[in-house]
Amino acid sequence: MTATLIDGVALSKQLRTEVAQRAAALAPKGIKPGLAVILVGDNPASQVYVRNKVKACEDVGFHSVLEKYEATMSEAELLARVEALNNDPSIHGILVQLPLPDHIDDHKVIEAISPLKDVDGFHVASAGALMVGEAGFKACTPYGCMKMLESIGMKDLRGKHAVVIGRSNIVGKPMALMLLQANATVTVCHSGTADLAAMTRQADVVVAAVGKRNVLTADMVKSGAVVIDVGMNRNDEGKLCGDVDFDGVREVAGWITPVPGGVGPMTITMLLVNTMESAERVAAGR
Ligand SMILES: Nc1nc(=O)c2c([nH]1)NC[C@@H]1CN(c3ccc(C(=O)N[C@@H](CCC(=O)O)C(=O)O)cc3)C=[N+]21
């Protein structure tokens, strides 16, 4: 068996077309969805991601602002910028690119973002809303993974066992909660799991979100399972690769997401979707 690819670029294209239509529909009301991205320091990977996000905004007709600051910027200055954007009516979403320089407390900065503009879904209020099943911004990467499942007819996961590898606040934990909300039976595995392969072999859906190559190999996957690869690593040749041994696992799985071209583009797409929803809320006077 060879797995079918879940194409994050193609699905993104479809979803971004819908976002562009929704943005155009707000134009007569004089509202243009606006995203502000703050980048502190000169991490080369961050520069690329941030440029991609700004480009994605332009493509769907959003207003976007990129604020770049020196790595020496103080925490107080950054907090002041966040506060200014919280009060800027042309901005519906604020993203502070992580990681931040060591002298700045990420947590403090994220909590300073208004939950009404927290399009990353990282604020405790957003995380708490997900926890209790209330409305709030969903973290973009796991939200994108859910859209990928939906695209292959797996919106409802009743009777399915989903295994998440990784327990980060930005992917693993919100992923587990979204899968649970979709009625899956969920297992969360991590560095303290005794027998990872025994867990993943039972899975109908596996989400690998560790940040390490070859965390999931063919012998760990049930025939026909759906495999979602959130990893972003570089191999020995410097090529982008995920957490999954793609060539091996694709011979066993039913569906698999590639890296690049899978979860990455979907993350940016869901950032646009969240910003769109934020602008629609303002337009509706909610
Ligand atoms: N506040 C915050 N929010 C984030 O969402 C956030 C962040 N900080 N810091 C960094 C990570 C990383 N991230 C990516 C998004 C898309 C791709 C993406 O589109 N990747 C392409 C390939 C890009 C390439 O070729 O390098 C792909 O997978 O096909 C990658 C990485 C968002 N992040």
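**Layout, ligand shell and sheet**

Modeller: The protein chain splits into domain 1 (28-114) and domain 2 (140-264), with bounds that come from an automatic or database domain assignment. This is a predicted model, where local features need pLDDT of at least 70, side-chain atom pairs count only at pLDDT 80 or more, and totals for chains, interfaces and linings use all residues. Residues are numbered from 1 along each chain as its sequence is written.

Colleague: OK, how far apart are the C-alpha centres of domain 1 and domain 2?

Modeller: Those centres lie 29 Å apart.

Colleague: And what does UniProt list at residues 6-120?

Modeller: The unreviewed entry has "domain: Tetrahydrofolate dehydrogenase/cyclohydrolase catalytic" there. UniProt positions are in the numbering used here, feature names are shortened, and annotations may be inferred rather than shown by experiment. In the model, residues 6-120 are 47% helix and 16% strand, with their end C-alpha atoms 23 Å apart. Helices (H or I, at least four residues) and strands (E, at least two) are DSSP runs, numbered from the N terminus.

Colleague: What about residues 139-281?

Modeller: For that span the unreviewed UniProt entry gives "domain: Tetrahydrofolate dehydrogenase/cyclohydrolase NAD(P)-binding". Residues 139-281 come out at 35% helix and 17% strand, and the end C-alpha atoms are 18 Å apart.

Colleague: Switching to the ligand: which residues come nearest?

Modeller: Leu98, Pro260, Gly261, Gly264 and Thr267, out of 18 residues around the ligand. A residue is near a molecule or strand if its C-beta atom, placed from the backbone, lies within 6 Å of it.

Colleague: Which elements supply at least two residues of that shell?

Modeller: Helix H2 (44-59), strand S4 (93-96) and helix H10 (263-283) each do. H10 gives the largest share, four residues. Domain 1 and domain 2 each put at least three residues into the shell.

Colleague: New topic. In what order do the six strands of the open sheet run?

Modeller: S1-S11-S8-S7-S5-S6, with parallel pairing. Strand S1 (4-5) and S6 are at the edges with a single partner strand each, so one side of each has no neighbour in the sheet. Two strands pair if DSSP finds at least two bridges between them.

Colleague: How many bridges join S1 to strand S11?

Modeller: Two, between S1 and S11 (residues 255-256). Leu5 has Ile256 in S11 as its bridge partner.

Colleague: And how many between strand S5 and strand S6?

Modeller: Five, linking S5 (residues 161-165) and S6 (residues 185-189) in the parallel sense. Val164 sits opposite Val188 in S6. S5, helix H7 (residues 172-181) and S6 form a right-handed β-α-β unit; right-handed means that, with the strands pointing away from the viewer, the path from the first strand over the helix to the second runs clockwise.

Colleague: Where is Gly166?

Modeller: In the loop between S5 and H7. UniProt's unreviewed entry lists Gly166, Arg167 and Ser168 under "binding site".

Colleague: Why does Gly166 count as buried?

Modeller: Because Gly166 has 24 C-beta neighbours inside 10 Å. The rule is buried if 20 or more other C-beta atoms lie within 10 Å of a residue's own, exposed if 12 or fewer, partly exposed in between, with C-beta atoms placed from the backbone.

Colleague: Last one: which strand is Leu35 in?

Modeller: S2 (residues 34-40). Leu35 counts as buried because of its 27 C-beta neighbours inside 10 Å.
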